[in-house]
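Hello,

Here is the structure for your files. My notes on what was found in it follow directly below.

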Amino acid sequence: MKAPLSYVPALPAATGMMAGIVVFAQTDTLICLIAATICAITLILIHRHWLAFLFLFFCLGWVISYADAPSAPPDDAFSSKACWNGCVSDIKHTTAATRITVNVYHSDKAEIVEPFKCSLLLPDANSSIEPGDIISFTGRLSAPQAEADIPDEKSFNPTFYVDGITASAYVSPDDITIDGHTRSLKRTALRLQNDLRDLIYRSPISSPTAWFLSTTLLGDDSMLDPTVKEQFRSIGAAHYLALSGFHIGIIAMLASLAFFPLKTWSRFGRLRHIGVIAIIWLYAFACGLSPSLTRAAILISIYLSAKLLQRQSSPYNSLCIAAILILAFAPRQLFAPGFQLSFCAVLAILSIAPLLNPFQKTSTTAYRAASFVTVPLAAMAGTCFITMIHFHRFPVIFLIPNLILGILLPLLLSAGAIMMLATFIGIKLSSVGMITDKIYNAVENMSETISSWSGTEITGVFLTPATIAAGVAAIAAMTIALHSKRRIAFIAAACLSASAFLLHQLMPAQKPYELYITRQPLRTDIVIRDGDKACLITTADKREHAEIERSLSSRYSDFLARRNCNAHLTVAQGDFDMPSIRKRGDYIIAGDKIILTGKTADSGLHIDYLLITRRSGNRPLDIVKTVRPDTVIISRDTPHKRAQKLIDSCSTLSIPTLWLTERSFSLTPP
């Protein structure tokens with residue numbers, strides 16, 4: 001392997017492993033593994049070692065993915081309620097609920113259950129359950145792989161896939177009990193995190209500052225104001241709230257300062273790097289060893305280990321080794337947005353940022369000052385498409401807040417870490433606390449001011465695969481152009497950028513109106529979108545409307561954003577008129593189609609669809625015989641026996657039926 005590839009010997013291994021993981025996710029047939037093995041052996045025989053290593057690690061990625069494939073629940077797990085037993089592996093708290101990941105290994109319906117992961121949603125924000133607890137819960141499991149009811153509907157499926165979760169359930173606090181405890185590193189880490197959080201709360205700072213430091217130092221955002229989160233997201237600074245390499249870098253800097261006196265020990269001074277590595281991993285452990293922190297800890301550990309051994313370290317090679325180590329233990333992390341953002345950001349900073357810097361590295365002060373601009377620009381160039389793919393938004397004014405936060409946050413987090421240590425040893429640094437509060441107030445005022453500007457971000461960005469391919473190729477061409485300084489490369493980058501823009505503009509227009517009847521198990525929801533207006537019709541009690549609006553506005557936020565609708569989905573009260581859809585009593589008229597949602601109909605009016613729900617009464621067949629619709633739609637909340645009997649009766653009358661158990665109903669113009 002010739003230069004410059006010889007400087008990155010781990011590149012073929014990392015590339016091959018990623019390719020093997022991606023191929024396994026698409027197809028797990030053994031033909032791919034056999035073909036790759038044959039290619040590897042052939043390439044070894046003809047002395048093409050670079051390509052041979054690539055195919056060998058392709059096989060390794062495929063085999064690791066096969067071994068790490070998650071187990072599925074029993075076949076009858078989704079049919080009825082059951083009591084399940086398992087061990088809690090992870091806990092995520094929100095302001096209104098707790099999501100618990102359980103490794104289930106027993107059921108009251110079967111003595112032996114192949115262990116599988118289940119995600120429980122518990123409507124209790126202050127649950128006392130911790131990782132390592134052995135719990136029993138009663139509930140009906142559902143398959144997270146179920147298709148969405150409407151286009152662009154948000155789903156936990158991608159997250160569930162990465163985490164290996166194959167079932168989910170909604171459990172009330174009365175249906176879950178703690179049976180015992182086991183020793184768990186996650187439990188130990190959580191308690192250490194709680195102890196550190198208490199040190200922050202006991203330090204002489206205000207509550208908002210403490211909540212912010214708890215988020216940015218420990219990853220605990222349970223108390224952080226949601227408004228602050230949204231402000232950081234809108235100004236393109238949300239990555240500062242998620243623990244990542246930025247935070248690891250600050251901890252490494254503080255640890256290096258603490259061990260700096262050892263540098264004067266000429267013979268063994270480099271041993272100080274061992275202490276820095278130990279503190280980095282202790283910090284990562286206290287924060288739960290999140291994937292983002294683990295990635296950064298591995299990168300810095302490789303860099304410091306090279307210094308310890310007095311060896312030259314290539315940052316690109318370190319990046320490849322970090323990817324190999326992470327994917328070897330968790331191959332599905334390749335599909336996690338955090339993994340993609342982290343590695344693409346680091347790769348862009350390494351390859352693009354030095355080229356954008358107008359100063360030479362020999363001009364140390366000027367080069368570092370310019371890096372405050374070039375590094376955010378490079379990171380945004382490397383992650384912009386991943387951000388738009390996963391979050392459908394692009395921060396326009398990202399440079400200004402990143403410049404300010406790049407200066408203020410290291411000071412704020414360093415002050416927070418110092419106060420934690422001072423509080424631990426019993427020293428009260430009131431003056432430092434006062435300065436910390438002032439810095440946080442400056443950060444909060446800045447984020448509030450900039451987020452209030454119009455046009456801070458572009459929302460509702462949805463890209464086609466062709467647009468993504470052209471855009472990524474444009475960034476790659478621009479990087480090559482900056483390295484080679486050739487005119488043809490700049491022309492190619494400009495042409496690819498123009499192609500990406502044109503492809504995005506040529507996206508097909510949305511249909512004028514849409515109507516969907518979803519598969520809610522306890523109620524019937526009808527989602528209506530006409531032009532840029534959207535509303536919801538539901539059979540739920542009025543007391544539940546506010547909560548339904550909140551949850552569905554979040555669940556359907558991408559659906560609404562793509563169609564330029566109001567971000568808040570409201571429940572329609574009474575009749576309404578839209579350009580193509582209107583409601584009159586129990587009738588919904590969409591274009592030239594009429595849907596009846598009630599029990600009676602005007603004589604002589606032709607009904608295209610009759611919707612039967614739990615509220616349609618005990619004799620729905622009488623309604624069918626009176627109305628004689630073209631099609632009968634049976635909602636999911638209809639009792640099973642009643643629905644099955646109605647399907648048989650409609651078959652006798654030669655009336656088609658659609659039972660909303662397998663799929664939703666949609667009505668759009670042709």
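Phe-212 has a relative accessibility of 1%, so this residue counts as buried (buried means under 20% relative accessible area, exposed over 50%, partly exposed in between, with a 1.4 Å probe and protein chains only). This is a predicted model, in which local features need pLDDT of at least 70 and side-chain atom pairs count only at pLDDT 80 or more, while totals for chains, interfaces and linings use all residues. Residues are numbered from 1 along each chain as its sequence is written, and side-chain values use heavy atoms, with hydrogens and water left out.

Aromatic pairs

A pair of aromatic rings is described by the distance of the centres and the angle of the planes. Rings of Phe, Tyr and Trp (its six-membered ring) pair if their centres lie within 6.5 Å; planes under 30 degrees apart count as stacked, over 60 as edge-to-face and the rest as tilted. By this rule there are 11 aromatic pairs. In one of them, the ring centres of Phe-24 and Trp-62 are 5.2 Å apart with the planes at 90°, so this pair is edge-to-face. Phe-24 sits in helix α1 (residues 11–26) and Trp-62 in helix α3 (residues 49–67), so the contact ties together parts that are 38 residues apart in sequence. Helices (H or I, at least four residues) and strands (E, at least two) are DSSP runs, numbered from the N terminus. Phe-24 and Trp-62 are both buried. Phe-212 pairs with Tyr-440 in a tilted arrangement, at 5.0 Å centre to centre and 45° between the planes. Here the helices are α6 (residues 207–218) for Phe-212 and α16 (residues 430–451) for Tyr-440, so the pair ties together parts that are 228 residues apart in sequence. Tyr-440, at 3% relative accessibility, counts as buried. One aromatic cluster is made up of Phe-24, Trp-62 and Tyr-66.

Salt bridges

The structure has 17 salt bridges (a side-chain nitrogen of Lys or Arg within 4 Å of a carboxyl oxygen of Asp or Glu). Asp-152 bridges to Arg-562, with the closest N and O atoms 2.8 Å apart. This pair links distant parts of the chain, 410 residues apart: Asp-152 is in the loop between β4 (133–139) and α4 (157–163), and Arg-562 is in helix α20 (residues 557–562). Asp-152 is partly exposed at 24% relative accessibility, and Arg-562 is partly exposed with a relative accessible area of 26%.

Arg-233 and Glu-230 form a salt bridge at 2.8 Å, N to O. Both lie in helix α7 (residues 226–234), three residues apart, about one turn of the helix. Arg-233 is partly exposed at 35% relative accessibility, and Glu-230 is partly exposed at 36%.

What is the distance between the closest N and O atoms of Arg-529 and Glu-514? It is 2.6 Å, in a salt bridge. Arg-529 lies in strand β10 (residues 525–530) and Glu-514 in strand β9 (residues 513–517), so the bridge ties together parts that are 15 residues apart in sequence. Arg-529 is buried at 3% relative accessibility, and Glu-514 is buried at 4%. Salt bridges with shared partners join Asp-152, Glu-514, Arg-529, Arg-562 and Arg-563 into one network.

One further residue

Ile-298 is in helix α10 (residues 291–308) and is buried, with a relative accessible area of 10%. Its C-alpha atom is separated by 15 Å from that of Ile-250, 48 residues apart along the chain.

Regards
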